[in-house]
Amino acid sequence: MSVLNVENLHTYFETDRGQVRAVDGVDLEIGDGEIVGLVGESGSGKSVTALSVLGLVDAPGRVVEGSIEYDGRDLQSLSDAELGALRGSDISMVFQDPMTAFNPTQTVGRQLHDVLRTHESGPVHPLVRLFGFDHSKEYKKRVIDALERVGIPSPEERYDDYPHEFSGGMLQRAMIAMSVLCEPSLVLADEPTTALDVTIERQILSLFRNLVDDLGTSVLWITHDISVVAALCDRVVVMYAGKVMEEGPVESVLSDPQHPYTKGLLQSVPRYDEPDRELYVMEGSVPNPIDVPSQCRFADRCPEAHERCFEAHPRLYPTEDGRAACYLAEESLAMEEKL
Ligand SMILES: Nc1ncnc2c1ncn2[C@@H]1O[C@H](COP(=O)(O)OP(=O)(O)OP(=O)(O)O)[C@@H](O)[C@H]1O
Ligand code: NI
């Protein structure tokens, strides 16, 4: 069963300079309890894809085509109020900047406590609050437990601290704790660990992995860093210039990439086992999303481009256990069928 099923998503921005095709025909499926990495260079349309799912694309942007199904429901047919109710309970979001997730005037513990209370019991009647007939103690315990699970030392003491009393890394941990506190079925995370140093990032990724594995939560984890995908995800979707270029299980895509763009991404990652290796730099840049070429979007930068690549952008062809939008994948498919 898939939790999220996005098909043929197109999200465009109408600007003074022209139509920006930020997301241009994306399919994205996330299975039950699956962690999917969405990876690609800056400007490839990762964030706009996640915002489209949540109904959070602001004017002049708009989902112009495609379907978005969550748990079998068509999200585009929901009212703003219904979508709002889904966000934060069934679907939660984590963004890069923890300062936007927390209110500076309230303690971190209080804010996490409020997330639980609102989710579990709806608004509390003022009399109940006055006489204390609520679940405060139980909620506090659950919040402290969540803070502990993301690796915050002495969580009982940190409970009463304000956001500015936390370091950046600690606040990021608290934000991740908050994202799973209501036990959502889907978490959409947009580069929440990018600002951290690599050792701390790896620690948080492994804590997060344990947490969602225990809860059976599905996750879309957006990153421009393919080594994060290797550390965290089950499946990976590689995006470029508004399109999916390749997707498949992490082990296969990372060990035997089929798309030249994925190969380039992998070669530009520093490797701990070969620190002296010269880093490959992919030449050229992402095409202008206003003047999208009809040829393969990667053709101008592709070391393996041939004649056909300059005629039309290829569709996704099946690979051994995934898909790749490349004529090379089609050619190896044709070879196999002949054998
Ligand atoms: N409000 C907007 N108005 C016009 N264009 C926009 C707007 N928001 C995003 N875009 C464009 O949509 C494209 C995709 O942007 P998006 O933020 O999804 O990229 P990304 O893959 O998340 O990149 P990054 O790694 O830098 O976060 C970019 O070309 C961007 O300039
Ligand atoms: Ni982004």
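Q: Let's start with Ala305. Where does it lie?
A: Ala305 sits in the loop between α12 (260–267) and β11 (317–318). Keep in mind that this is a predicted model.

Q: Is Ala305 buried, exposed or partly exposed?
A: Partly exposed, because it has 18 C-beta neighbours inside 10 Å. A buried residue needs 20 or more.

Q: How many Å separate the C-alpha atoms of Ala305 and Val150?
A: 45 Å, and along the chain they are 155 residues apart.

Q: Switching to the ligand. Which residues are closest to ligand 1?
A: Ala22, Ser42, Lys46, Ser47 and Val48. They belong to a set of 15 residues that surround ligand 1.

Q: Which elements give two or more residues to that shell?
A: β1 (2–15), β2 (18–31) and α1 (46–53). The most come from α1, with 3 residues.

Q: And how does the shell around ligand 1 divide into nonpolar, polar and charged?
A: There are 5 nonpolar residues, 9 polar and 1 charged.

Q: Now the core. Which residues touch the most other members of the largest nonpolar core?
A: Leu112, Ala174, Ala177, Leu188, Leu220, Val238 and Met245. That core has 87 residues. Helix α8 (residues 168–181) gives the most to this core, with 9 residues.

Q: What does Leu112 touch?
A: Leaving out residues up to four places away in sequence, Leu112 touches Val143, Ala146, Ala177, Met178 and Leu181.

Q: Val143 and Ala146 are in my next helix. Which residues of α6 are buried?
A: Tyr139, Val143, Ile144, Ala146 and Leu147. These lie on the same side of α6, because they cover an arc of only 160° around the axis.

Q: Why would spaced-out residues line up like that?
A: An α-helix has 3.6 residues a turn, so residues three or four places apart point the same way.

Q: Which exposed residues are on the face of α6 turned away from the buried side?
A: Lys137, Glu138, Lys141 and Asp145.

Q: What span should α6 have, and what does it have?
A: At 1.5 Å a residue, its 14 residues (136–149) should span 20 Å. The end C-alpha atoms are 20 Å apart, so the two agree.

Q: Ser154: buried or exposed?
A: Exposed, because it has 10 C-beta neighbours inside 10 Å.

Q: What about Glu183?
A: Glu183 is in the loop between α8 and β7. Not a glycine, yet Glu183 has a positive phi of about 50°. With 12 C-beta neighbours inside 10 Å, Glu183 counts as exposed.

Q: Last one. Where does Pro192 lie?
A: In the loop between β7 (186–190) and α9 (198–215). Pro192 is buried, because 26 other C-beta atoms lie within 10 Å.

Q: What does Pro192 touch?
A: Not counting residues up to four places away in sequence, Pro192 touches Val94, Phe95, Gln96, Gln172, Met175 and Ile176. Ala174 is 11 Å from Pro192, C-alpha to C-alpha, and 18 residues apart in sequence.

Notes:
Residues numbered from 1 in each chain as written. Chains lettered and ligands numbered in written order. Predicted model: local features only at pLDDT ≥ 70, side-chain atom pairs only at ≥ 80, totals over all residues. Core = buried A, V, L, I, M, F, W, Y, C linked by C-beta atoms within 7 Å. Helix = DSSP H or I, 4+ residues; strand = E, 2+ residues; numbered from the N terminus. Contact = placed C-beta atoms within 7 Å. Near = placed C-beta within 6 Å. Nonpolar A, V, L, I, M, F, W, Y, C, P; charged D, E, K, R; others polar. Expected span 1.5 Å × (residues − 1). Arc of directions from axis to C-beta.
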